[in-house]
Amino acid sequence: MMIDPIISTSAALALSVIFASAASHKLRHPHWFRRQVHEYELIPGRLVPAAARALPATELLIAAGLLWSTSRPYAGVMALLLVSLYGVAIAINLARGRKDIDCGCSGPAMRQPLQPALLARNLALAIVALGALLPLVDRPLGLHDSFIMIAAGTVLVLLYTATDLWISNRPLLLKLSGEQ
Amino acid sequence: MQALIVSNILLWLLLIATSLVLLGLIRQIGVLHSRIAPAGALMLDKGVEVGKPAPQVTAADRFGRPVNIGYAGERSTLLFFLSPTCPICKSLLPAIKSMNRSANNLDVIYVSDGEALEHDKLISEAGLEKSTYVVSPDVGMTYQIGKLPYAVLIGQDGTLKAKGLVNSREHLDSLFETELLGSSTLQDYIKVQTESPGVHTPS
């Protein structure tokens with residue numbers, strides 16, 4: 001399956017910004033993220049510090065790799081794998097019934113408990129990653145194409161941030177109405 | 001063709017603007033949720049009763065100037081008891097500052113206790129340099145404050161008009177509301193309402 005360069009580039013731009021911001025949260029608060037990795041209880045305690053360092057580094061690598069067209073397919077595959085890995089980690093902990101732990105998605109300022117909506121969010125991210133890794137249709141590109149790529153990337157990032165906020169607001173509302 | 005390109009660019013720009021508005025709205029909803037978070041339960045109060053003369057204390061503010069509390073004067077006084085280590089107190093400071101600005105006949109006195117260094121940090125963070133800020137455990141002991149953030153409203157004649165634990169802007173406003181209604185607490189107000197004839201109360 002081939003894909004138009006506009007879709008591929010805008011998806012790659014948006015993913016790059018999303019991964020870079022996720023990595024910056026994790027790198028700015030290393031202690032917080034190490035505790036988060038520990039709370040997921042998926043890997044042995046000895047490996048937690050290494051994983052807490054490796055994950056943001058991988059995110060940064062993906063964010064940079066998505067920007068160049070030669071490395072984009074590889075970075076896209078890595079992004080798809082990482083997003084699925086996070087999804088599996090969340091799903092395992094949801095299946096264990098641990099809805100009280102923090103997601104660790106958006107830094108210590110925006111706490112949100114694990115919830116099924118996060119799986120849907122990761123699925124959407126995986127679809128965007130798929131758009132970035134598929135081979136391109138070869139066609140000449142003009143100024144207008146570049147404009148649409150940047151505009152569509154911006155809209156994707158804004159919508160992703162809005163969705164993320166929306167998901168993290170849901171538990172607050174449930175708490176107010178006493179359903180949780 | 002020209003028109004289509006212009007329309008396309010315009011639509012993209014408008015879509016970006018719409019997403020920005022959506023993001024802003026969702027952010028505001030989040031802020032609202034945290035503002036109306038459930039507050040502490042009602043508790044039994046100690047100290048001077050509402051409607052009685054307020055205890056008179058003189059304490060020094062952070063520059064060593066004497067501040068008279070509980071005396072009759074030209075303006076009402078709002079005592080806000082806080083501590084630099086209490087996060088809810090800090091979140092209420094903007095509400096108190098705006099109240100101080102909008103009410104003409106109200107003096108706000110911040111009463112606190114603890115390390116001088118932490119107070120300086122709090123004052124510069126919240127922009128309270130020009131406010132009356134008293135660091136003295138005596139005032140809190142006289143008024144028997146057990147929980148923070150606590151607010152006491154003293155009328156112009158030196159009587160204690162209203163007091164209570166304040167966890168949100170609504171609680172703070174309710175202090176002034178009880179003064180207007182002439183009841184010392186919400187419970188008293190409901191009691192008066194039920195006793196008065198002609199008022200329907202669900203039973």
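A residue is taken as buried if 20 or more other C-beta atoms lie within 10 Å of its own. In this predicted model, 32% of the 180 residues of chain A count as buried.

The secondary structure of chain A consists of helices. There are six of them and zero strands. Along the sequence, the pattern reads α-α-α-α-α-α.

Two helix pairs of chain A were examined. On the side of H1(A), the contact uses A:Ile7, A:Ser8, A:Ala11, A:Ala12, A:Ala14 and A:Leu15. These meet A:Val128, A:Ala129, A:Gly131 and A:Ala132 of H5(A). By class, the contact of H1(A) with H5(A) has eight nonpolar and two polar residues, with no charged residues.

The second pair is helix H3 (residues 48-65) and helix H4 (residues 72-95) of chain A. The axes come within 8 Å and cross at roughly 145°. Here too, the crossing of H3(A) and H4(A) is left-handed. H3(A) contributes A:Thr58, A:Ile62 and A:Gly65 to the contact. H4(A) contributes A:Arg72, A:Tyr74, A:Ala75, A:Met78, A:Ala79 and A:Leu82. The residues of this contact of H3(A) with H4(A) divide into six nonpolar, two polar and one charged.

In chain B, helix H2 spans residues 87-102. This helix bends by about 35° at B:Leu93. A proline, B:Pro94, follows within four residues of the bend. The buried residues of H2(B) are B:Cys89, B:Leu92 and B:Ile96. An α-helix has 3.6 residues a turn, so residues three or four places apart point the same way.

Chains A and B also touch each other. The contact takes 16 residues from chain A and 16 residues from chain B. On the side of chain B, eleven of these residues are nonpolar, four are polar and one is charged.

Technical notes. Residues numbered from 1 in each chain as written. Chains lettered and ligands numbered in written order. Predicted model: local features only at pLDDT ≥ 70, side-chain atom pairs only at ≥ 80, totals over all residues. Contact = placed C-beta atoms within 7 Å. Nonpolar A, V, L, I, M, F, W, Y, C, P; charged D, E, K, R; others polar. Bend = angle between axes of the 7 residues up to and from the residue. Buried ≥ 20, exposed ≤ 12 C-beta atoms within 10 Å, placed from the backbone. Axes fitted to C-alpha atoms, helices over the stretch in contact; angles between N-to-C directions. Left-handed = near helix turned anticlockwise from the far one by under 90°.
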